[in-house]
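This report describes a single chain, moving from its overall build to one helix and then to one residue. Please keep the sequence and the structure in view while reading.

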Amino acid sequence: MTAEPAPTRDTGAEELRTGRLLLRRPGPEDLDAIFDLHTDPEACSHNPSDLLETRKDAELLLLRWTHQWNRYGFGYWTVRRHDSAEALGFCGVKIVGFRRGPVLNLFYRFFPSSWGSGYASEAAGAAVDWARAHRPDDLVIARVRPDNVASQRVALRAGLARAPHLDTTGDDGTDWLYVSGNDHEG
C-alpha cells in the first residue's frame with residue numbers, strides 16, 4: 001500500500017499563461033473536448049486503454065480530474081490559445097503512486113489538428129516549471145511509449161531526462177520513463 005501525501009493545496013494554479021497559451025482548470029464546459037479527444041483513435045493511438053466509449057466515461061474522467069483539483073489545488077489544465085475558445089488539448093500534473101511512493105505524473109494529450117505546432121511542449125514546460133516552483137520536493141515523471149517519438153521530444157523539451165532504470169510495464173505496453181531534475185541519476 002502506497003502512502004499518499006497529506007493534501008496540501010496550492011491556490012495559485014487554476015490558470016497559467018505562456019507566450020501563446022492559456023492553461024485553465026477544466027470544468028463542465030470542457031466536457032465535449034474531453035469526450036472528443038478521448039474518443040479519437042489517432043489522439044490515443046499510443047495509449048489505446050485511454051480511449052473512452054461513452055459520454056458518461058468522459059463525465060467520470062472529468063470527475064476524477066476535479067477530485068484531484070479539489071484535494072490538492074492543482075491537476076490537469078485545459079489548454080487553449082490566448083485568441084481562441086477552442087481547446088487544443090489537456091496538460092498538467094497530478095499525484096499518482098509510483099514505486100511505493102507518490103510522484104507527479106506529467107500528462108499531455110492534444111488534438112491531432114494541433115500537433116506539430118509546439119503547443120504540447122509549451123504547455124508541458126509550463127506544467128513542469130509550475131511543479132518545480134510549487135512542489136519542488138516531488139518527482140515529476142512522464143511515461144512514454146518507446147515508439148512515440150513526438151511525446152519523447154515533448155518530455156525532453158519540458159526539461160525531463162530519460163531514466164531507463166525506471167522503465168516499467170504500463171496498461172499499453174512498455175513505459176519509458178522521463179523524470180525531473182537530477183532524479184534520473186539514481
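## Overall build

Along the sequence, the chain follows the pattern β-β-α-α-β-β-β-α-β-α-β-β-β, and it holds four helices and nine strands, where helices (H or I, at least four residues) and strands (E, at least two) are DSSP runs numbered from the N terminus. This is a predicted model, in which local features need pLDDT of at least 70 and side-chain atom pairs count only at pLDDT 80 or more, while totals for chains, interfaces and linings use all residues. Residues are numbered from 1 along each chain as its sequence is written, and side-chain values use heavy atoms, with hydrogens and water left out.

The C-alpha atoms fill a box of roughly 40 × 35 × 35 Å along the principal axes. Buried residues make up 49% of the 186 residues, buried meaning under 20% relative accessible area, exposed over 50% and partly exposed in between (1.4 Å probe, protein chains only). Among contacts (heavy atoms within 4.5 Å) between residues at least 6 apart in sequence, 61% join residues at least 24 apart.

## Helix α4 and its cover

In helix α4 (residues 149–157), Ser 151, Gln 152, Val 154 and Ala 155 are buried. They lie on the same side of α4, because they cover an arc of only 160° around the axis, the arc being that of the directions from the helix axis to the C-beta atoms. An α-helix has 3.6 residues a turn, so residues three or four places apart point the same way. The elements that cover these buried residues include the following.

| Element | Residues |
|---|---|
| β5 | 101–110 |
| α3 | 119–134 |
| β6 | 140–144 |
| β9 | 173–179 |

After α4 comes Gly 159, whose phi is positive, near 100°.

## Phe 35 in helix α1

Which residues does Phe 35 touch, not counting those up to four places away in sequence? Phe 35, placed in helix α1 (residues 31–38), touches Glu 53, Thr 54, Arg 55 and Ala 58. With a relative accessible area of 21%, Phe 35 is partly exposed. The C-alpha atoms of Phe 35 and Ser 117 are separated by 22 Å, these residues being 82 residues apart along the chain.
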